[in-house]
Amino acid sequence: MSLLVVGLSHRSAPVSVLERASLSADTKVKLLHDTLAAEPATEATVLATCNRIELYADVDKFHAGVAELSTLLAQHSGVALEELTPYLYVHYEDRAVHHLFSVACGLDSMVVGEGQILGQIKDALALGQEQHSAGRLINDLFQQALRVGKRAHSETGIDRAGQSLVTFGLEQLAVHTPVAEWASGKRALVIGAGSMSSLAAATLARVGIAEIAVANRTAERAERLAEILVASGTGVRASAIPMAEVADELTRVDVVVSCTGATGLVLTADDVLAAVSWGSAPDPAPQKPAGLDVAPVAGSAAGLDSAGPDVAGLDADVLARLVAAAEAGARLADAGAVRTITAPEADGCPVGPDGRSALTGVDASSLELHGTWADQGEAAAQRQPRRSARTQAHATDVRLALLDLAMPRDIDAAVHRIPGVRLVDIESLAEASADAPMAADVDAVRGIVAQEVAAFGAAQRAAHITPTVVALRAMAAEVVAMEVARLDGRLPDLDERQRAEVTQTVRRVVDKLLHAPTVRVKQLASEPGGAGYADALRELFDLDPQTVASVSRADAADPKNDDDPGRAS
């Protein structure tokens, strides 16, 4: 076995690098084909999730394999090799097996113990099989990884150590409120209809969301997911909507979960801002902020009181444009009126902490002061680190909750600045889970992984010597046949019963002579460093290497071996 894995994950690389290095479905196929075309690799598959990209291959040269696989990852991810290299990790042989088994058990997940990774490992195996890039080693490895993952979940309480990424994300949205209580009666929009989006939709229905709209580029998949949700027995109302109606749907929902394969943003900050601003009622009687002197403002727009703030030193043209925009109900992004959310609270925004009244119906006094406050806040925000999702407002203050599970991200990270909006994405989930306590069951799972790695290695090493043993027995059978034929020439008067008895006797002698050595060599070969016993056996009995190779090919081509659930266990 010469298993090699080269990859990067949330543990080795920042989200920004993972986001840029993500692989589309077509790119994964091309990567596999190019890997097989490379000299060191004989079989391969790729495991690509929202927080990891790993290329697995059976290679005949370690250093050449590392160089080739790293180069291929860089070429197909679009990230330059010199930039990607610091974040890559390499595992070889037993360490590579240990890594995949740990991944399958959820030990290497962003949320420890999550079970979604098993489906992704299954998809990686299916991809290798569909592209005919997965041979005996990759098939055995990934099938065993699935069994190990299932064993860990069934024999331990690893599920208690963490939740699925979806459940954990919803807990972050709900802050300190129980998810079921937070979700009760809410309306949700799910963007995407793939495996993760389907899991998210099912989770939303299970925790008590009242209504779910599903939007997907392929309408049929959205409709199918909606039908499944309705038939789930949770009582949720579900329907499919066209992607073109997502902007309108944002104004009607409380929760959005997005996980698509798009390479660009699905929801921009402008989209979210427009949704949370839609229908905001203007202040019925705007009040002059305390402590402001009023003075006539030349050029005030029609319909506004002639009183305004003391604008000495301020640009009257800027104020006029702000007032005109407010009267027209237009967006004020260009005027600086919506850049408010991360501003310091000490100065006190006159428009209010949620900032919605800054959009329509605000008097010139409050509007101009708000613009100044926003500019100060923007400068202050640039001097301060971004606050994590856990430090934002309580869930009860949130108008729109957004969960972005895509990589690259679907939702503009800038929406965390919009008042009344709470965003949880892959980056904030990583921050939130960094300090999560490790359950005692994690140690039990680690023990299972260690056992399974040893068993898999032993089985692979034993399998490596099997073609040599088969070739040895084939040679012995040929010797028996030749000697029986020679005996027939010398004793032509033997009847059929006598000839059969002689033949059986010679075969028993050969079998007894070979039994102990072949059993023992399999035992020795299953131990670490036992690969040399196959070579010794070939040398001792002068076995033809081509015969051994033909046995290996025949064994690998036997479909019954792939279906045997007891293999490599």
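## The Asp108–Arg52 salt bridge

The side chains of Asp108 and Arg52 form a salt bridge with an N to O distance of 2.8 Å; the term denotes a side-chain nitrogen of Lys or Arg within 4 Å of a carboxyl oxygen of Asp or Glu. Asp108 belongs to the loop between helix 5 (94-104) and helix 6 (116-130), and Arg52 to strand 3 (residues 52-59), so the pair ties together parts that are 56 residues apart in sequence. Helices (H or I, at least four residues) and strands (E, at least two) are DSSP runs, numbered from the N terminus.

Asp108 and Arg52 are both buried, that is, under 20% relative accessible area, with exposed meaning over 50% and partly exposed in between (1.4 Å probe, protein chains only). A network of salt bridges links Arg11, Arg52, Glu54 and Asp108.

## Basis of the model

This is a predicted model, in which local features need pLDDT of at least 70 and side-chain atom pairs count only at pLDDT 80 or more, while totals for chains, interfaces and linings use all residues. Residues are numbered from 1 along each chain as its sequence is written, and side-chain values use heavy atoms, with hydrogens and water left out.

## Further salt bridges

The whole structure contains 17 salt bridges. One of them joins Arg409 to Asp425, with the closest N and O atoms 3.7 Å apart. Arg409 is buried at a relative accessible area of 18%, and Asp425 is buried at 4%.

Glu483 and Arg486 form a salt bridge with a closest N and O separation of 2.9 Å. These residues lie 3 residues apart in helix 18 (residues 441-490), separated by about one helical turn. Glu483 is partly exposed, at 38% relative accessible area, and Arg486 is partly exposed, at 43%.
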